[in-house]
Amino acid sequence: MLNISYCSDKYQYTMGKSFYDTGMKDRTAVFNLFFRSAPDNNNWAVVSGIREAMEMIAGLGSEDITFFERFLPGDEYADFRKYLSGMKFTGKVYAMKEGEIAFPKEPIITVVAPIIEAQVLETPLLCIMNHQMAVATKASRVTRAAGNHPVSEFGSRRAHGPWAAEYGAKAAFIAGCAGTSNILTGIEFDFESSGTMAHSYTTSFGCSIEGEYKAFDTYIKTHRNEPLILLVDTFDTLKCGVKNAIKAFKANDIDDNYPQGYGIRLDSGDLSYLSQKCRAALDEAGLKKCRIFATNALDEYLITELERQGACIDSYGVGDAIATSKHNPCFGNVYKLVQVDDEPILKRSEDKVKLINPGFQITYRIIQDGKFKADVTCLRGDSFARTIEECGELHLTDENDETKYTTYPAGSYSWKSLQELSFDGGHILEDKRTIFEKRDYYKANLASFNETQVRIVNPHYYKVDISDDLYDLKMGLINKLIHQINLSQELEHPDNGFCHVVVDMLYDFIDGSLACSNAENAVRKDVEYIDCHPDQKVFYVLDHHPENHCSFKDHGGMWPAHCVMQSHGGDIHDLFSRIRNESNRPDEANRFYKGINPKKEEYSGFASRNREGIELNNMISKNVIVSGIATEYCVRETCLDLLKAGHKVFVKSDALGYIDEYGHKETLKELSRMGAKII
């Protein structure tokens, strides 16, 4: 019999041997299971599979040493095999509830355990969760397309094996399906499976109109006091099928008073047209409560079109589209190491989408007026987490677009955490909800989103964010890696070349709300210099403020509003776009932003970040030319930070704008004393 606890890939055990042999086996690892994007541009997914995942974890240690000898042979594995044969799971598992709605990069399952125990769970966890979440998410799309009309799942014959059929049906039920044809699912989860007849039943009574009638009449007589659904398209739906159904119902006194319910099923042809014609025939016969059940390779797109056309269909049956998640059969959950002992870990790939969030995390859902407004993933116990739990003022900025931000005033919201302890002390903390309660939980979650966020096509995207502390941790690790990589490159290829940092050559400092002296001339001189030195890399630092920035007078600061995001005043002077060497013109790669946090004044460009979150200080060479505006503030602070970090700083004095000439000259003297060269 299949032991799903060991439905694993061998490399998890070969890595485990290295951990065992080197004494790393008892180091505490934190792994997150999450997905990067949902199928069909859905933006979110439905959680299912937690129950089976916990049962799988509980099964570790259920095989004896002979099992491990079969795939880890040899004397060199002897001690490790003995260890594995006695290895139970001793850690903790935090998980979202079944029926939860999850968004990209949020931890659906977090495993905290000795590293070997946590590592060997990777494949079985992903096998379970990827299957059930693919099916559940597809079922959610199909049932949403059907509106108020129920959908039954009956795709077992198309599923990828018996296990997939049984637990796929379970996942579909949680995600909104009204029932399933799979009897094992019904038995295990204590609800009735559904089913009536196939075409073979009808043809077994003969290939004739009379045989079809006899099949219907026999079925009704042998299934009284049960729901009665007759399949009417075996020969011809309108010319004989629906007529024989009406005749058989009436001959057996089945009418609108039949308490168990009755109906017909359409499984081929133009379902919209046929359902309308059948509805008219049934109504004319006085069978107004006779339901019309439609099948035939349906999915959310076909059902949406049937609903749009006004089809007279009361309920739908969907098979392979749900059972195999037909359009997107491979769900994208991954299982990544995010912390070892107390050291946060991340994977930084060449593909930006594969960048992960490090550290031990928890996700909070922000709720206002009964509606879900945003999800925030935090480091457990960080300042954002404490603010949320105290319902303090919350300022959320999109991780990838700082122009998108929202502030929730203190006391204006409530919250819930999405991960809860599910396995501890060697035991499952059982979710005692019935499958019906899990489905109700999913439906309640669905109703708590804005209706535009749950539509099938082009949904509005729900706000999903990470805390400032988590963002800073992630970018700190990335910048540390980049610094080490660049340093190693410098050691391999010594280069005494120069780079050029242009600070705040922005319209508000040139002819706008904070116009400075010598600004236009500084721009011209700077562009001339850059054109004369085309081989020097150029980096542009930009003030980039939200409308409510703390430096503005209207918000308690000392300056008029300036360099507001997406405003002309925050743009780099157009003359820089005419630099002869195109690679030195301003673009997304060489722009570095500061002053983004509304509660933080930031003059120096040293730690400014580009759109990928990379800090300027990790991109520049040892020798740095500095120009910009204003000498007394942003230029000064940038130069001082560069000097502190050990850079050789050369200040281009004719390419500086300033607030007043005296302050400009005094600042240049100060920078000179600190080690900068004024050129």
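Contact, for this talk, means heavy atoms within 4.5 Å. Helices (H or I, at least four residues) and strands (E, at least two) are DSSP runs, numbered from the N terminus.

Okay, the ground rules. What you see is a predicted model, where local features need pLDDT of at least 70, side-chain atom pairs count only at pLDDT 80 or more, and totals for chains, interfaces and linings use all residues. Residues are numbered from 1 along each chain as its sequence is written, and side-chain values use heavy atoms, with hydrogens and water left out.

Let's start with two helices, H6 and H13. On the H6 side we have Lys-138, Arg-141, Val-142 and Ala-145, and they meet Glu-300, Tyr-301, Ile-303, Thr-304 and Glu-307 of H13. By class, that contact has four nonpolar, one polar and four charged residues. The classes go like this: Ala, Val, Leu, Ile, Met, Phe, Trp, Tyr, Cys and Pro are nonpolar, Asp, Glu, Lys and Arg are charged, and the others, Gly among them, are polar.

How do H6 and H13 cross? The axes of H6 (residues 122–145) and H13 (residues 300–308) come within 8 Å, at roughly 5 degrees. Axes here are lines fitted to C-alpha atoms, for helices over the stretch in contact, with angles from 0 to 180 degrees between N-to-C directions. H6 and H13 are therefore roughly parallel to each other; that label covers angles under 35 degrees, while over 145 is roughly antiparallel, 65 to 115 roughly perpendicular and the rest oblique.

Now the sheets. Two strands pair if DSSP finds at least two bridges between them. There's an open sheet of seven strands, ordered E13-E12-E1-E5-E3-E19-E20, with antiparallel pairing. E13 (343–344) and E20 (427–428) are the edges, each with a single partner strand, so one side of each has no neighbour in the sheet. At one end, E12 (residues 333–340) pairs with E13 in the antiparallel sense over two bridges, and Gln-339 stands opposite Pro-344 in E13.

What packs on this sheet? H2 (residues 50–58) does, touching E3 (92–95), E5 (109–114), E19 (420–424) and E20, and its direction makes about 30 degrees with that of E19. H6 is back as well: it touches E1 (28–35), E5 and E12, with its direction at about 135 degrees to that of E12.

Staying with E12, Leu-337 sits in that strand. Leu-337 is partly exposed, because its relative accessible area is 25%. The cut-offs are: buried under 20% relative accessible area, exposed over 50%, partly exposed in between, using a 1.4 Å probe and protein chains only. Leaving aside neighbours within four places in sequence, Leu-337 is in contact with Ala-29, Val-30, Phe-31, Ile-345 and Ile-356.

E6 (residues 151–153) pairs with E7 over two bridges in the parallel sense, with Glu-153 opposite Thr-180.

Further along the chain, look at E23 (residues 537–543). This strand is mostly covered, with six of its seven residues buried. E22 (residues 498–503) pairs with E23 in the parallel sense over five bridges, and Cys-499 stands opposite Lys-537. Four bridges join E23 to E24, again running parallel, with Tyr-540 opposite Arg-591 in E24.

Last stop, Ser-608. Where is Ser-608? In the loop between E24 (591–594) and E25 (623–629). And is Ser-608 buried or exposed? At 0% relative accessibility, Ser-608 counts as buried. A polar atom of its side chain lies 2.6 Å from the backbone oxygen of Gly-605. Not counting residues up to four places away in sequence, Ser-608 touches Val-541, Phe-592, Tyr-593, Lys-594, Ile-614, Glu-615 and Leu-616.

That's my tour, thanks.

How values were computed:
Polar contact = N/O pair within 3.5 Å; in protein donor to acceptor, adjacent residues only side chain to side chain.
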